[in-house]
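Thanks for asking me to look this over with you. Here are my notes, written as a short walk through the model.

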Amino acid sequence: MATLRETRDRIRSVNSTKKITKAQELIATSRITKAQNRVQAAQPYAHELTDVVARVAAATSMDHPMLNERENPQVAAIMVVTSDRGQCGGYNNNVLKKAAELEEHLKERGLEVVRYVTGAKGIGYYQFRDIEISGSWTGFSENPEWEKTHDARHHLVRGFEAGSEGEAKWRPGLNVPEGETIRGFDEVHVVYTEFQSMLAQVPRVQRLLPVRTVFEDQEFEVTSATQSAGEVTADMDFEPDADTLLKALMPQYVSRVLYSIFLEAAASEYAARRTAMKNATDNANDLVQDLTRVANQARQAQITQEITEIIGGAGALADSGESD
């Protein structure tokens, strides 16, 4: 009886957990489409902005700091994009593992690494291991909005503009107390999860700054912020002049690229959560079936034992002559 009761309690517990995982699966499924639509809706503007920046850059003789490699870089910043919530399988573990590989690669180049993290799970991962984080942001992993991501985007842009030899002074948009400064750096890399399909989300490394049209590293699958199919020529006139436009457009362009990364990561998070919750629900169904089989066997054994005891008792009474 104790075994049967415990088995039935486990069945009720698993069924209760299954309701939660099924609900999470349905929620994630319903939100994936919206996240994908946001990614697609942002692409036309991003493509046009990329084209304009490329044409302006081709028309100017200005050496913009966001386009040129710095001599003797000293400090590299890594932005690790994770989720605010769990229940998404290996989503966070994969991106954190990729970030660790990138960090080792940068250190081999002789660069000091400065870490920035978005998402409560990534922050908790580094804090638990007493690993220093220079900046962190939460609250928008599932629903990135332009205003919510403002601090994170401007923090990286201002830090890169300052360079490793300088500091960025406080201004609205920097995630530091008023009056304080942030340390500058010479490179900015972003580690995030690229959405390929409902079943495939791949951790990626993208060098955000300095921007260049071709940047590939097969070991870490590093991609560039811009991709150019061929040489771009300036076939238009600009007002104001190209130098002024490039100076104004580059920070906005880099900020838009980072925002697109946040949108991509959000779609990947929903897809990973849906897959993880579907697997959890399927496992719960299998476990309920196994436990039900065990409970039925225990119940059958109990009934068989009771029948045996009744027959044995009746036989004992018949032998003793007390059945009459």
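Is Arg12 exposed or buried? Arg12 is exposed, at a relative accessible area of 51%; here buried means under 20% relative accessible area, exposed over 50%, and partly exposed in between, with a 1.4 Å probe and protein chains only.

1. First, the ground rules. This is a predicted model, where local features need pLDDT of at least 70, side-chain atom pairs count only at pLDDT 80 or more, and totals for chains, interfaces and linings use all residues. Residues are numbered from 1 along each chain as its sequence is written, and side-chain values use heavy atoms, leaving out hydrogens and water.

2. Now the overall layout. The chain has five helices and eight strands, taken as DSSP runs numbered from the N terminus (helices: H or I, at least four residues; strands: E, at least two). Along the sequence they follow the pattern α-β-α-β-α-β-α-β-β-β-β-β-α. Of the 324 residues, 42% count as buried.

3. Back to Arg12. Its side chain meets that of Asp9 in a salt bridge (2.2 Å, N to O), the term for a side-chain nitrogen of Lys or Arg within 4 Å of a carboxyl oxygen of Asp or Glu. Asp9 and Arg12 are three residues apart in helix H1 (residues 2-59), so about one helical turn separates them. Asp9 is partly exposed, at 36% relative accessibility.

4. Arg273 lies in helix H5 and Glu142 in the loop between strand S3 (135-137) and helix H4 (150-162), so the pair ties together parts that are 131 residues apart in sequence. Both residues are buried, and they belong to a network of salt bridges that links Arg85, Glu142, Glu269 and Arg273.

5. Asp290 is partly exposed, with a relative accessible area of 40%, and Arg293 is partly exposed at 45%.

6. Glu103 counts as buried because its relative accessibility is 10%. Leaving aside neighbours within four places in sequence, Glu103 is in contact with Ile78, Val113 and Arg115, where contact means heavy atoms within 4.5 Å.
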